[in-house]
Structure formats: C-alpha cells, structure tokens
Amino acid sequence: MAKGLTPKRARLDALAQLGKDLTRRSRAHCELCGHGQTRLGALEVAPLPGEPDMAHTIFICEPCQEAMGPKDLDRQYWRFLETAIWSDLPPVQVTAVRLSRQLSAQGEDWATSLLEGLYLEPGIIEWLNES
Ligand SMILES: [Zn+2]
C-alpha cells in the first residue's frame, strides 16, 4: 500500500490500475448490458480477494451501476440478463445470477425460468455459495 493512503483509497487506486485491461477484455462495452460508447467503471464482485484482480471485477456502464442500487430492482431494465447470464466471464455470470435471483424473489417469472434453465459450472456454484 502506498504511504499515506487509506485502505479504501488504496483499493480504489489498485482497481483503477485494472482499467486498461478491463477495457481490452470488454472491448469497451458494458459487460452486463453490452452498451458501447459510454463511460465504464470497474465494480468488484464479492467475496473480494486481498487485492483487486480481473477475475473478481466487472466493467460496467453507469446506468447498470445505478440500477443495482435500489432494493427493488427495475424489472424492465434488467431484461438483458437473459443474455448476460450466459457470459463466459465468471464475475459477470455470478453478478447476473445474483441479480436474477433478486428479480425472481421479487416475483419476476422470466427471471425464475431463466434460473431454472441455467447450467452453471461447479466453480460458479461454489462462488455463489461463498457469499
Ligand atoms: Zn450496462
């Protein structure tokens, strides 16, 4: 950790360092909704490793970050999870499953069917069970 930085600040700095690689991985498109030509930000996916790394980080647009905020998710906004949930990037898939579970708990039948039809690798199931 650099001298004089709070742990939180140091973590954000370390996360910002991943920006270039995340831009390359995402081809500058939101890793959830797929939109390009928009500002993207790194978001860590729990449980967090000691240091930020690519494997536990997603690169997403501001509307997606904001749409994760409310306790009740916007059912219309998140329909693209039907695509995102099949991502071959583990942190993206884990995020999509968590959001779909939340929507399913809110009574969204499409999210429930989506989860029922889903095949998950053992590593992803383990990750989901960890948190
Ligand atoms: Zn997005």
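**Briefing: one predicted protein chain**

**Overall layout**

- Along the sequence, the elements of the protein chain come in the pattern α-α-β-β-α-α-α-α-α.
- A box of roughly 50 × 35 × 25 Å, taken along the principal axes, is filled by the C-alpha atoms of the protein chain.
- Buried residues make up 24% of the 131 residues of the protein chain.
- Of the contacts in the protein chain between residues at least 6 apart in sequence, 55% join residues at least 24 apart.

**The loop between H2 and E1**

- Gln37 is located in the loop between H2 and E1, and its phi is near 50 degrees, a positive value in a residue other than glycine.
- Arg27 is found in the loop between helix H2 (19–26) and E1.
- Phi of Arg27 is also positive, near 50 degrees, and Arg27 is a residue other than glycine.
- Arg27 has 8 other C-beta atoms within 10 Å, and it is exposed because 12 or fewer is the cut-off for that class.

**The loop between E1 and E2**

- Pro47 sits in the loop between strand E1 (40–44) and strand E2 (57–61).
- The peptide bond leading from Ala46 to Pro47 is cis, and its omega is near -5 degrees.

**Ser100 in helix H5**

- Ser100 is part of helix H5, which covers residues 90–105.
- Ser100 counts as buried because it has 24 C-beta neighbours inside 10 Å, and 20 or more are required.
- Apart from neighbours within four places in sequence, the contacts of Ser100 are Leu81, Ile85, Ala111, Leu114 and Leu115.
- Ser100 and Ser131 are 31 residues apart along the chain, and their C-alpha atoms are separated by 15 Å.

**H5 against H6**

- Helix H6 takes in residues 109–116, and its axis comes within 7 Å of the axis of H5, with a crossing angle of roughly 135 degrees.
- H5 and H6 are therefore oblique to each other.
- The crossing of H5 and H6 is left-handed.
- On the H5 side, the residues that meet H6 are Ser100, Arg101, Leu103 and Ser104, and on the H6 side they are Ala111, Thr112, Leu114 and Leu115.
- By class, the residues in the contact of H5 with H6 are 4 nonpolar, 3 polar and 1 charged.

**H5 against H7**

- H5 also packs with helix H7 (residues 122–129), at an angle of about 55 degrees and with the axes 10 Å apart.
- That angle makes H5 oblique to H7.
- H5 and H7 cross in a right-handed way.
- H5 makes this contact through Pro90, Gln93, Val94 and Val97, and H7 through Gly123, Ile124, Trp127 and Leu128.
- The contact of H5 with H7 holds 6 nonpolar and 2 polar residues, with no charged residues.

Terms used. Residues are numbered from 1 along each chain as its sequence is written. This is a predicted model: local features need pLDDT of at least 70, side-chain atom pairs count only at pLDDT 80 or more; totals for chains, interfaces and linings use all residues. Helices (H or I, at least four residues) and strands (E, at least two) are DSSP runs, numbered from the N terminus. Two residues are in contact if their C-beta atoms, placed from the backbone, lie within 7 Å. Axes are lines fitted to C-alpha atoms, for helices over the stretch in contact, and angles run from 0 to 180 degrees between N-to-C directions. Angles under 35 degrees count as roughly parallel, over 145 as roughly antiparallel, 65 to 115 as roughly perpendicular and the rest as oblique. A crossing is left-handed if the near helix is turned anticlockwise from the far one by less than a right angle, and right-handed if clockwise. Ala, Val, Leu, Ile, Met, Phe, Trp, Tyr, Cys and Pro count as nonpolar, Asp, Glu, Lys and Arg as charged, and the others, Gly among them, as polar.
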